[in-house]
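Here is a short tour for anyone who likes to check geometry against cut-offs. Have the viewer open and follow along, residue by residue.

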Amino acid sequence: MGGLGTRLYPLTVDTSKPMVRFLNNFLIDYTLSELAYRGINEVFLGVSGYYNYRDVYDHLGERFKVKIDGEIKSIKLRYQPNEDSIGNAHSVKIMADYYDIYDDVLVFQGDTVASINVNNIYKFHQSNDAFMTIVLKEIVEPEKLRQFGVAKIDENMRIESFVEKPSNPNELPSRLVNTGIYLLSSDFVKFLRSSEFNEILKLGKGDFGKDIIPYIISKNYKVMGYVSNSYWFDVGTLESFMEASYYLLNNLDKERLHVETEYRNVYMQGMSKRSKNDHIEIIEKIATNKIIVSGKNLIGRHVKIGENVKLSSSIIDNYTVVENDMEISNSIVMDRSLLKTGSIIKNSILGRHVKIGENVKIINSHLGNNVIIGDNAELINSSIWPHRSIESKSSIVDRKII
């Protein structure tokens with residue numbers, strides 16, 4: 001979780017990546033809830049950097065709780081000590097030393113959205129007496145292979161070679177990429193404490209994908225590849241962030257999405273009396289065609305939607321106000337935003353606490369937190385960094401406002 005998250009700019013310019021809003025919650029909450037559903041009850045968070053640690057700890061504290069099948073499930077949280085690391089493998093070593101960990105360890109990246117069957121992975125890992133097991137996913141699109149490590153496996157699922165972010169993916173013999181989900185054996189944990197690993201660290205190399213995995217394969221350690229058929233997204237880019245959001249919106253059950261009310265494929269969150277009243281108001285407007293809906297939409301807690309509003313395949317976060325005569329389609333609007341009358345928002349992401357003036361057009365654009373857009377402005381194919389103000393009647397096309 002220590003990365004700068006530059007590929008998610010402008011959403012992460014002023015926000016720790018795990019604390020980006022995701023499905024009207026925080027990204028880290030989705031990750032932890034997935035682990036809770038899989039029976040995990042203790043998680044060690046490799047949060048490095050002051051701002052990362054502060055934001056995550058202030059939100060989560062030392063326990064994470066989620067309701068599963070009507071019962072509250074609790075995960076105990078521990079954090080990386082205040083020690084600099086030079087990669088995610090080094091982070092695991094630091095926490096293993098600090099917390100006296102000697103058992104097998106499951107590693108799960110903070111910007112990964114995935115369904116993982118921990119029991120199946122562990123059985124595969126044990127039955128193959130693996131030093132390390134890497135969860136792999138087949139990627140069809142050649143260009144996407146440039147973003148990940150690619151593994152070549154033999155007939156027994158042992159990884160023969162591994163290339164991190166290949167420059168020419170068309171020449172690779174495999175479409176199996178590293179998901180960033182690892183099962184480390186107790187022998188691997190011993191390896192992290194060895195002089196061999198310390199020599200690697202002295203060279204400034206402490207990243208699993210870039211440094212450690214190619215090294216241990218070259219030294220003939222037994223590294224196995226477990227091919228997953230379940231969903232998996234690296235939400236480190238704006239495109240994959242939106243792709244993951246819409247995939248889960250369309251495929252997760254209502255409990256996982258914290259949905260309390262459903263009407264015509266509009267999923268509404270919130271359990272309080274106030275939320276229920278808001279749901280009734282939205283339903284009445286949909287029933288009388290004052291809100292026209294299509295696709296599946298997710299509405300957060302205490303959201304207000306006016307009249308003559310078209311809502312299509314979008315996610316509207318908590319406490320957002322959508323005024324009259326608006327169109328929102330294929331877009332994500334994060335919490336506590338104000339969208340004034342007559343505006344159009346398509347194929348875009350609006351960060352937290354954004355204020356959009358009247359008769360604004362936002363197409364294929366991304367806004368950071370606390371952005372203000374003046375009346376009658378137009379943004380097309382553009383990105384606006386946090387805390388920026390765009391004057392009324394501005395036309396921003398194919399630009400990045402930093």
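The model you are looking at is predicted: local features need pLDDT of at least 70, side-chain atom pairs count only at pLDDT 80 or more, and totals for chains, interfaces and linings use all residues. Residues are numbered from 1 along each chain as its sequence is written, and side-chain values use heavy atoms, with hydrogens and water left out.

You will find K222 in the loop between α7 (208–218) and β12 (223–227); helices (H or I, at least four residues) and strands (E, at least two) are DSSP runs, numbered from the N terminus. K222 and F131 are 91 residues apart in sequence, yet their C-alpha atoms are 5.2 Å apart in space. Leaving aside residues up to four places away in sequence, K222 touches N128, D129, A130, F131, M132 and R158, where contact means heavy atoms within 4.5 Å. A polar atom of the K222 side chain lies 2.7 Å from the backbone oxygen of N128.

## Backbone geometry to check

D129, one of the residues touched by K222, has a positive phi of about 45 degrees although it is not a glycine. D129 is found in the loop between α4 (118–127) and β8 (132–138) and is exposed, with a relative accessible area of 64%.

N359 also has a positive phi, near 55 degrees, and is a residue other than glycine. N359 lies in the loop between β27 and β28 (361–363) and is partly exposed at 42% relative accessible area. For a cis peptide bond, look from Y9 to P10, where omega is near 15 degrees; P10 sits in the segment before β1 (21–22).

## The parallel sheet and a buried serine

Six strands make an open sheet with parallel pairing, in the order β18-β21-β24-β27-β30-β33 (two strands pair if DSSP finds at least two bridges between them). The edges are β18 (304–305) and β33 (389–390), each with a single partner strand, so one side of each has no neighbour in the sheet. Inside this order, two bridges join β24 to the parallel strand β27 (residues 355–356), and L339 stands opposite I356 in β27.

Which loop holds S337? S337 lies between β23 (332–333) and β24 (338–339), and its 2% relative accessibility makes it count as buried. The S337 side chain reaches the backbone nitrogen of V354 at 3.2 Å. Its contacts, not counting residues up to four places away in sequence, are Y319, T320, V321, G351, R352, H353 and V354.

## Rings and charges

The count comes to 19 aromatic pairs, with rings of Phe, Tyr and Trp (its six-membered ring) pairing if their centres lie within 6.5 Å. One aromatic cluster is formed by F131, Y182, F188, F191, F197, F208 and Y221.

Two arginines sit over rings: R21 lies over the face of F26, at 4.6 Å from the ring centre, and the charged end of R256 is over the ring of Y37, 4.0 Å from its centre. The rule here asks for NZ of Lys or CZ of Arg within 6 Å of the ring centre and within 35 degrees of the ring normal.

Conventions:
Buried means under 20% relative accessible area, exposed over 50%, partly exposed in between (1.4 Å probe, protein chains only). A polar contact is a pair of N or O atoms within 3.5 Å; within protein, one must be able to donate a hydrogen and the other to accept it, and residues adjacent in sequence count only if both atoms are side-chain atoms. Rings of Phe, Tyr and Trp (its six-membered ring) pair if their centres lie within 6.5 Å; planes under 30 degrees apart count as stacked, over 60 as edge-to-face and the rest as tilted.
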